Amino acid sequence: MTDRSLIPASTYGNALLRALKSFGLLRESIVGMIGAGLILFWIIVAIFAPLIAPYPPNATIAPFVMPWSTGPDGEFFLLGTDMIGRDILSRIIWGSRTVLLYAPLATLAAYVVGIAMGLAAGYLRGRADDILSRIGDIILSFPVLVLYILIIATIGSSGINIVIAITFASAPGIMRIVRGLVLDLRNRDYVAAAQTRGESSWHIMLVEILPNARGPLIVDACLRLGYVIITIGVLGFLGLGLPPPDPDWGGMINETRSMALAFPHMTVFPCIAISSLILGFNLLADGLREISLRD
Amino acid sequence: MLIFVGKRIGFMILTMVVVSILLFLLLEITPGNVATKVLGPYSSEEQRNLWLEAHGYFEPFYVRYFAWLGNFASGDFGDSVRFKVPVADILWPRLGNTAILGIATFAVMIPLSLILGVLAGMREGSKLDRSISIVSIVTTSVPEFASAVLITAVLVFWLHLLPGTSTMSDGFDILQLILPALVLIIYDFGYVTRMTRASMAEVMTTQYVRTAILKGLPYRRVVMRHALRNALIAPFTVIMLQINWLLSGVIVVEFFFAYKGFGALLLEASLNQDIYLIEACAMVAVFVAVATQTIADVGYTYLNPRIRFS
Amino acid sequence: MDAETPLLEIEDLCLSYYTRAGEIPAVIDFSLSLKAGESVGLVGESGCGKSTVAMGIMRYMGNNGDIVGGSIRFKGRDMASLSTKELRQLRGSEIAMVYQEPMAALNPSLKIETQLIEVPMCHEGISASEARKRAIEILEDVRLPDAEMMLKKYPHQLSGGQQQRVVIAMALLSSPALLLLDEPTTALDVTVEAGIVELIADLSKKYGTALLYISHNLGLILEVCDRVCVMYSGEVIEEGSIKEVFDKPRHPYTHGLFDCIPLPSADKNARPLVPIRGQLPLPHERPKGCNFGPRCDHFEAGLCDAKNIPLEPIDAGASGHQGRCVRWRDVRWGEEKPEATVPAAAASDERGEEVLHVENMQKYYPVHDRSIGAFISRKGVRYVKANETLTFSARRQETVAIVGESGCGKSTFAKVLMGLETATDGKIRFNGHEIGNQSVHDRTPSQLGSLQMVFQNPNDTLNPSISVGGHIARVIRKFGVESDPDKVQERVYKLLDLVKLPRDFATRRPRQLSGGQKQRVGIARAFAGNPAMVVADEPVSALDVSVQAAVTELLMDIQREHGTTLLFISHDLSVVRYLADRIIVMYLGQIMESGTTDEIFSPPYHPYTEALLSAIPIADPHVTKRHIVLEGALPSVLDPPKGCPFNTRCPKKLGDICEREMPPVQKPTEGHGIACHIPLEELRKAEAVIKAAS
């Protein structure tokens, strides 16, 4: 065995192993398993969308077809079609791609910014902490949706702008959590040990502190993912989401809700789709928390 | 304590000032854009310059900001481009409508979620606890727009129990209030319930609750006197912060039910680039949010003797 | 109930916890009988089940615990037959409890008054005003001054000692017949502990209350109890009167326990510590037969590990002395004194040049007071004087101990020395370099490597996400000892050998290690850079006694081998006596007394040292000591007393001069210094605090 296998491998190589193991632990939480199952289902749907979807998402085939029935040319529509004749099932399937692309992307971006801010505020303290915390307080004092509307109304609505808006609005919240964890962890003796051997602040923040904050952060990330999905849905619903015609669950609900009186299927199915995915993340977060509390 | 309150209020004012500067920067930094937004895209260069001249837009930036701030403080928010009336004339009635909606929501949601949370947290792991937890996690997972659709489908279209829109155009109607409030309650109560439950469950495992039990106190007294007070400190903050969340929620709900409230107004203003209306709405929204946060902070310290007497 | 019926009779009690891993028996076949007014000590190391017994008696096992077998009879009534209501009436009025952490045991959001008066109001139905009267009486009984004021306060406004007195008052309010005390002084400072222990002994006599005193400290048991029950891994392994168990322990574990407790009455040469090897078995990994088997020197395969071993009477059993050992007749107790493994102590002249020299070192922390009052009086910044004019030195291969209670500034000094903080004033010379105002970032790798630290809390000392080998290897490379991977690897193994850990521990995670093993890794890490000096901040205080001895011995061995200077920070004078050449006694940031170990332990004493020595619980019935109990609580470091910091609690206070002037340092001998106004001749007249009775 060499030094390399002794240190970095045991730190990072085993990390993968341990991550797998903790997913194994998930088996002990039924709630967490259901959540993971729902998420996995949508991930598979998103990946294989071109194979699963019976029709192209934007093809106008036959309007106002009810679920479980056939159109004028004998096409079968499991969930029916909307008022301009697009297959609802196909649009839901393709729409999962949009959600599962932008939600994790936005969450990840928010985490990168939030963690950087939180580490700086919590570990370096002093002026940096004061300034970052004040900025965070101000951003957080906006009602979230007001902030999104203001940002999107100003910079326009597009996928990337949604990611930017979510990052901007969520990073301070993540910063608060990270800062709190860092304030606790920085007083540990192993951090003092690292300091007494003259480690750089980078090393201490990234090696000694951050990895040990991962537990609560993973749970928070799951919850936040659920919330980001809601946000993307709400923006779509308010007409501030991705520009049409590409399918987006929130947008689908907005487009069809005036038809809801006569054709509830147009709105109800996308509602179920988005709710099930959010439920998946919330259940997973709950399961993970339950497991982490038990150890 | 007084100093603490003073500090919090000072911070609140500071936040408002910073927000106002940000808003002003965001919306009025380039006068040309303002003129285009106010006079419409088909106005001529000359018209815009005349308008800018008349409204003092050729002054330096900071002069304009202070003039704007002064007007703002005295209640003059400018005229709405879309409604062609002073902003204040539409803002206050709309805010009143939203306040009614908010109060109705809170009046049901807070007692409901506190009771459920305490019941669940009191005996962690019991059947009641599990069912309450599952229900609250499911309801929080359904976004407001989705639950609005689903509830409307059931109550309005199937059962014909309630009106599907809540414009309140023919005066106040309690029936029209039910659906919007219901949607908000369903989305929000789960969160408060879970927070209360977590806090209660934690308190029930503390050593001082054990002490109270081993002192031989009746269970009722252990819960009511020893656990509850400590357990409600954390949810209090959560509840106050819900007002901030509610402001987001009302936008969706008012939009969906065509309720003539503040949230719908803000959305409409943003979509139409009605800048004076946006400014006023955003400032009001932030004010409400910051004010409730201040109350939450002050209340938290008041509830917690460890902070109050240190 | 006649006089012969025991107050409490426990028979074959079995208590279990249920976890994911299944049922974990915490207490197995526990039997005990307790007469009215008697006090019995329950002693054992962490995880032996002693606290669970107390909870079992209260029939309070939490969500995941249960009483699996056996019976508890209180005043002749079977506790299992009681209804919930009857049980509730019993709790708090007939059986009361005092807890380990008084701060956690008191409700933070209720006033002391509410928490006290509800007890008699609930149990006896008396009025609030009558209950209040009783509360005041009882608060005076527990020697809390100004009871009226005390009632109006919230728990966090009291000191730890005061809180524990309130908890004791709460327990005694309904004059219970039985008082359960679960480590009531463990969370307190040693001089405060002495006061509480004395109070408990006095009150139990006054009220005729029977005591079940749970502690890990045999010395405390000796001071309070008539009988003692020793537990190991869920079982009682020996039981008897104090005299029998302390004089003639007849179980190898009890015997071993006495051998590994440092006694302030003896030093390392007279009575070396003999650690018990191995570690406590986890509850689900208990061996077959005798639980102590794998750690026992008298283990005999086929006999000790054959079947469960019953508790049997020792020496005809008339006195009730019992032990759980099949070989107690065969073992030759007390004759197998291990040979002193300690080579004749490194004589002081062998010590080399001065490694560390501290002169008038000061460390102040500014505290910003932003209240309006402070703003007006322009006293916005106050200072916590954590260290005030520290002066001492340490030589090569010497062990210098800094002793003091919490808040005395000993840890702050360590921080300054390590460069985590910089000194406000004064000089610290280390290896000829001034380091007092050099923070870690200004120190060279070799400077850093030559001054390393061992930390207090084993659960905190290692980064949970880095393997054991990773910890040590990082230090080796950081200080440039080795850089070639194979050589680093080799050195990691050498260091693991040095701290007597198996080499395959290199790949383990910290959480797979026991507390003692983690501390060993911490020691290996500190010595990885070949340091000239190691600072050990309470390295063993969080460990169990049987493990403590092993780690202490290890630290001393390595230090001797490497010729390292050791700065040992501790609150425990008895441990210090074993390993220190010189001792520095600190109080509120200042040095009260310094000198060689012998000088500190014999007159003349500083009055504080005297009190500190008197407060140490000694697990040896043949030692007598003078009782000096300090009044009052430790003053706050924010607002230390003027003049001599000890003047508020000093039993020998002269008068005004102590409140006005800093005491001069008097030198009875060249290396011995006492900071006190009392003339030396007067101090010399003091008798030795600890005396071995012949």
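User: Which residues make up domain 1 and domain 2 of chain B, and how far apart do their C-alpha centres lie?
Analyst: This is a predicted model. The domain assignment of chain B places residues 2–73 in domain 1 and residues 87–303 in domain 2. Between the C-alpha centres of these two domains of chain B the distance is 33 Å.

User: Which helix of chain B gives the most to the side of domain 1 that touches domain 2?
Analyst: Domain 1 of chain B brings 19 residues to the contact and domain 2 of chain B brings 16. One salt bridge is counted between the two domains: Arg8(B) pairs with Asp297(B), with the closest N and O atoms 2.7 Å apart. On the domain 1 side, helix 1 (2–28), helix 2 (31–39) and helix 4 (61–73) of chain B each supply at least two residues. The most, 12 residues, comes from helix 1 of chain B.

User: How much area do domain 1 and domain 2 of chain B bury between them?
Analyst: The side of domain 1 of chain B that touches domain 2 has 14 nonpolar, 2 polar and 3 charged residues. Of the area buried between the domains of chain B, 80% is on carbon and sulfur atoms. The total is about 1,700 Å².

User: Is Thr256(A) buried or exposed?
Analyst: Thr256(A) belongs to helix 12 (residues 249–256) of chain A. Beyond its neighbours within four places in sequence, Thr256(A) is in contact with Asp82(A), Met83(A), Met266(A) and Thr267(A). Its relative accessible area is 4%, and the cut-off is under 20%, so Thr256(A) counts as buried.

User: Which helix of chain C supplies the largest share of the side that touches chain A?
Analyst: The contact joins 36 residues of chain C to 30 residues of chain A. There are 3 salt bridges between these chains, and one of them links Glu199(A) with Arg474(C) at 2.7 Å between the closest N and O atoms. Helix 15 (468–478) and helix 16 (485–498) of chain C each supply at least two residues. The largest share, 7 residues, comes from helix 15 of chain C.

User: How much area do chain C and chain A bury between them?
Analyst: The chain C side divides into 16 nonpolar, 12 polar and 8 charged residues. Of the area buried between chain C and chain A, 54% is on carbon and sulfur atoms. The total is about 2,800 Å².

Definitions and conventions. Residues numbered from 1 in each chain as written. Chains lettered and ligands numbered in written order. Predicted model: local features only at pLDDT ≥ 70, side-chain atom pairs only at ≥ 80, totals over all residues. Heavy atoms only, no water. Domains from an automatic or database assignment. Contact = heavy atoms within 4.5 Å. Buried area = accessible area lost by both parts, 1.4 Å probe. Salt bridge = Lys/Arg side-chain N within 4 Å of Asp/Glu carboxyl O. Helix = DSSP H or I, 4+ residues; strand = E, 2+ residues; numbered from the N terminus. Nonpolar A, V, L, I, M, F, W, Y, C, P; charged D, E, K, R; others polar. Buried < 20%, exposed > 50% of the residue type's maximum accessible area, 1.4 Å probe, protein only.
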